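I opened the notebook for this chain today. These entries follow the order in which I looked things up.

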Amino acid sequence: MIFLESVLISFDALMKQKLRTFLTMFGFAFGVALILIILSIGQCAGEIMRLYYSGLEEGKYIQSVFMSESSDGVSRADRITLDEIHDFNRSELPDYLYGILIESPSEIEGYISGQGENKKNINIKGVSSAAQYIEQLKIENGRFITDADCDRISNVVIIPDRLANVLFGNIESALMKDITIKLEQGKQFDCTIIGSYMSVELNEYDEDNYYIYLPYTCLNSICEFIMPNDFSSVKIAYKQGTLSESSAVQY
């Protein structure tokens with residue numbers, strides 16, 4: 001009896017303060033909905049990253065400084081030459097070691113004009129084959145740059161899937177198409193698309209800017225970059241769990 005009276009008194013109080021009751025219920029519902037939205041966004045972001053890395057042979061890189069001893073016994077930083085890096089990359093490497101990265105001295109900004117589209121801003125990176133693993137790029141169609149492309153100074157390019165969709169409708173149609181890349185300083189050149197990679201938009205800046213990859217020798221030739229003759233440190237790409245940093249340096 002007491003319980004029933006309490007329920008009736010509470011219900012009567014709620015009915016007399018309808019606005020307050022409505023606002024309380026609305027606030028509760030809004031809070032629950034907001035939590036569900038946040039959880040959904042988190043799950044979607046996790047799924048995007050899972051898809052991004054799925055199917056990619058997991059790689060890792062280290063920034064390693066080569067050290068040696070001088071004649072007086074004092075430790076100093078040794079340097080590895082560009083020719084030694086070339087020899088290393090061209091040697092027969094085990095399947096868990098992908099090579100040493102070679103990249104152009106600078107990134108370049110430019111743009112591509114699509115049919116019926118405004119110009120698309122791009123950031124151009126000149127790299128060797130090891131960049132695919134160091135930058136964790138998942139190739140969705142075609143292939144990545146090879147060391148043979150670099151040796152031949154080939155005018156080939158890897159573009160993100162978003163840019164392929166904008167320019168050609170889908171990634172399949174983009175393969176082996178020629179595009180004209182225009183640089184901010186007025187130069188322009190043609191490249192053939194040999195592959196596209198899965199891109200992930202992490203912020204608003206990524207929505208309007210696209211990273212594309214050329215053989216470093218091609219970008220160096222176009223922009224008249226001069227490569228250093230030697231390096232105090234390099235980036236080595238290798239499969240996770242196969243090497244320690246110290247053994248990778250000694251290799």
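I began with Asn220, which is buried at a relative accessible area of 8%. I noted that this model is predicted. I then placed Asn220 in helix H9, residues 216–223. What does Asn220 touch, leaving aside its neighbours within four places in sequence? I found contacts with Ser104, Pro105, Phe225 and Met227.

**Confidence**

The mean pLDDT of the protein chain is 76. I see 60% of the residues at 70 or more. Confidence is highest in strand S9, residues 156–160, with a mean of 96. Strand S2, residues 67–69, has the lowest mean, 48. I keep a caution here: where pLDDT is low, predicted coordinates should not be read in detail.

**The chain as a whole**

I counted secondary structure next. The protein chain has 10 helices and 14 strands. It runs to 251 residues, and 37% of them count as buried. I looked at contacts between residues at least 6 apart in sequence: 71% of these join residues at least 24 apart. The chain exposes about 15,200 Å². Carbon and sulfur atoms supply 55% of that area.

**Helix H6**

Which residues of helix H6 are buried? For this helix, residues 161–168, I listed Asp161, Arg162, Leu163, Ala164 and Leu167. Both Asp161 and Arg162 are on that list. Gly169 follows H6, and its phi is positive, near 95°.

I wrote down two residues here. Gln136 has a positive phi of about 55° and is not a glycine. I located Gln136 in the loop between helix H4 (131–134) and strand S8 (139–142). Is Gln136 buried or exposed? Its relative accessibility is 15%, under the 20% limit, so Gln136 counts as buried.

Ile153 is the other entry. Its phi is positive too, about 55°, and it is not a glycine. Ile153 sits in the loop between H5 and S9. At 43% relative accessibility, Ile153 counts as partly exposed, because that value falls between 20% and 50%.

**The cavity**

How many cavities of 30 Å³ or more does the structure hold? I found one. The largest cavity has a volume of about 60 Å³. I listed its lining: His86, Asn89, Arg90, Ile102, Ser128, Asp147, Cys150, Asp151 and Tyr216. Helix H3 (82–90) and helix H5 (147–152) each supply at least two of the lining residues. By class I get three nonpolar, three polar and three charged.

**The second largest pocket**

I then turned to the second largest pocket, with a volume of about 210 Å³. Twelve residues line it, and the closest to its centre are Leu101, Glu103, Phe231, Ser233 and Val234. Which strand gives the most to this lining? Strand S14, residues 233–239, does, with three residues. I sorted the lining by class: seven nonpolar, three polar and two charged.

Key
Residues are numbered from 1 along each chain as its sequence is written. This is a predicted model: local features need pLDDT of at least 70, side-chain atom pairs count only at pLDDT 80 or more; totals for chains, interfaces and linings use all residues. Side-chain values use heavy atoms; hydrogens and water are left out. pLDDT is the predictor's confidence in each residue, from 0 to 100. Helices (H or I, at least four residues) and strands (E, at least two) are DSSP runs, numbered from the N terminus. Buried means under 20% relative accessible area, exposed over 50%, partly exposed in between (1.4 Å probe, protein chains only). Contact means heavy atoms within 4.5 Å. Accessible areas come from the Shrake-Rupley method with a 1.4 Å probe; for residues, only the protein chains shown count as cover. On a 1 Å grid over the protein atoms alone, a cavity is a set of points where a 1.4 Å probe fits but cannot get out, and a pocket is an open set with protein on both sides within 12 Å along at least five of seven lines; lining residues have an atom within 4 Å of a point. Grid points are joined across faces, edges and corners, and a volume is the space filled by probe spheres set on the points. Ala, Val, Leu, Ile, Met, Phe, Trp, Tyr, Cys and Pro count as nonpolar, Asp, Glu, Lys and Arg as charged, and the others, Gly among them, as polar.
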